[in-house]
Amino acid sequence: MYRKELRYYFSTPIAYIVIGLYQLAISLFLWVIPGQWNIIDSGYAQVDGLFQLSPWLFMLLCPALTMRLLSEERQSGIWDLIRTKPVSLTKIMVSKYLAAWTLVLIGLLPCFVHYFVVAYMAEPMGNLDSGAFLGSFIGLILLSGTFMAVGLLCATVSKSQIVCFICGALSCFVLYWTILQDHYSALSRGVLDLRDVCFFATIAVIAIIGAIFTIDKLTRK
């Protein structure tokens, strides 16, 4: 099921569009568009803009990936066929979640290019806070995993992809603005606290369990 979902993303334009849009937006803000996130304008060897912008982009990109995880199959009736197979609902939902999250992680890999370019441009060369970068990158991985789980939960509320997307984007925004931002900021300072890691993991697990429970109740009616 995991391989099937992952193959679907890369056999359609979805994966390439999402990764391309994310990298294009990040690159434009870091190197082209003047402003507080522009590395050249700042005059400092840092890539803070990458980690300040990414959460806001993920609020749109993650729900855009999860909105179709269930709606297409429920509309076409394929979901009923999937449920007849000897695979538990938990495995189906977790596989869908992991496939979508894997796509996001693949999309994050090119971000290392910005790190190496800035390290090369720094005076002296390599004068870049690697600890803060790695801590921020881990925070971004955890945040994306949480957003994907929330998006999966929102994907269960309706057969309409638009409704699922709006619900997911709003939920991610509210969660980040109210409780996730402080934990993400702590990791962005290069402080890898187990409490922050457990917090993100807890929210993600609760959202996935909620998605499994919700889709089970809705599809049994």
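Me: Buried means under 20% relative accessible area, exposed means over 50%, and partly exposed lies in between (1.4 Å probe, protein chains only). With that in hand, why is serine 11 called exposed?

Reply: The relative accessibility of serine 11 is 57%, which is over 50%, so serine 11 counts as exposed. A word on the source: this is a predicted model, where local features need pLDDT of at least 70 and side-chain atom pairs count only at pLDDT 80 or more, while totals for chains, interfaces and linings use all residues. Residues are numbered from 1 along each chain as its sequence is written, and side-chain values use heavy atoms, with hydrogens and water left out.

Me: Where does serine 11 sit, and what does its side chain lie 3.0 Å from?

Reply: Serine 11 belongs to helix α1; helices (H or I, at least four residues) and strands (E, at least two) are DSSP runs, numbered from the N terminus. A polar atom of its side chain lies 3.0 Å from the backbone oxygen of tyrosine 8. That is a polar contact, because a polar contact is a pair of N or O atoms within 3.5 Å (within protein, one must be able to donate a hydrogen and the other to accept it, and residues adjacent in sequence count only if both atoms are side-chain atoms).

Me: How many helices and strands does the chain have?

Reply: The chain has eleven helices and zero strands.

Me: What makes α1 roughly perpendicular to α2?

Reply: Helix α1 (residues 2-11) and α2 pack at an angle of about 70°, and their axes are 5 Å apart. Since 65 to 115 degrees counts as roughly perpendicular (under 35 is roughly parallel, over 145 roughly antiparallel, the rest oblique), α1 is roughly perpendicular to α2. The axes are lines fitted to C-alpha atoms, for helices over the stretch in contact, and angles run from 0 to 180 degrees between N-to-C directions.

Me: Why is asparagine 38 called buried?

Reply: Its relative accessibility is 3%, under the 20% limit, so asparagine 38 counts as buried. This residue lies in the loop between α2 (14-32) and α3 (39-42). Its side chain reaches the backbone oxygen of isoleucine 33 at 3.1 Å, and a polar atom of that side chain lies 3.0 Å from the backbone nitrogen of aspartate 41. Beyond its neighbours within four places in sequence, asparagine 38 touches Phe29, Leu30, Trp31, Val32 and Ile33.

Me: How do you know that threonine 146 is buried?

Reply: Its relative accessible area is 0%, which is under 20%, so threonine 146 is buried. Threonine 146 is part of helix α9 (residues 130-154). Its side chain reaches the backbone oxygen of leucine 142 at 3.0 Å, and the backbone oxygen of phenylalanine 200 lies 3.3 Å from a polar atom of that side chain. Leaving out neighbours within four places, its contacts are Leu180, Phe200, Ile203 and Ala204.

Me: What makes cysteine 62 buried, and threonine 90 partly exposed?

Reply: Cysteine 62, in helix α4 (residues 48-66), has 1% relative accessibility and therefore counts as buried. Threonine 90, in helix α7 (residues 89-108), has 43%, between the 20% and 50% limits, so threonine 90 is partly exposed. The C-alpha atoms of threonine 90 and isoleucine 212 are 6.5 Å apart, although the two residues are 122 residues apart along the chain.

Me: Why is leucine 192 called exposed?

Reply: At 55% relative accessibility, above the 50% limit, leucine 192 counts as exposed. Leucine 192 is in the loop between α10 (161-188) and α11 (194-220). Apart from neighbours within four places in sequence, leucine 192 is in contact with Ile138, Leu187 and Val197.

Me: How do you know that the chain agrees with the compact globule rule?

Reply: For 221 residues, a compact globule would have a radius of gyration near 17 Å, and the chain has 19 Å, which agrees. That radius is taken over C-alpha atoms, and the rule is 2.2 Å times the number of residues to the power 0.38. Buried residues make up 46% of the 221 residues.

Terms used:
Contact means heavy atoms within 4.5 Å.
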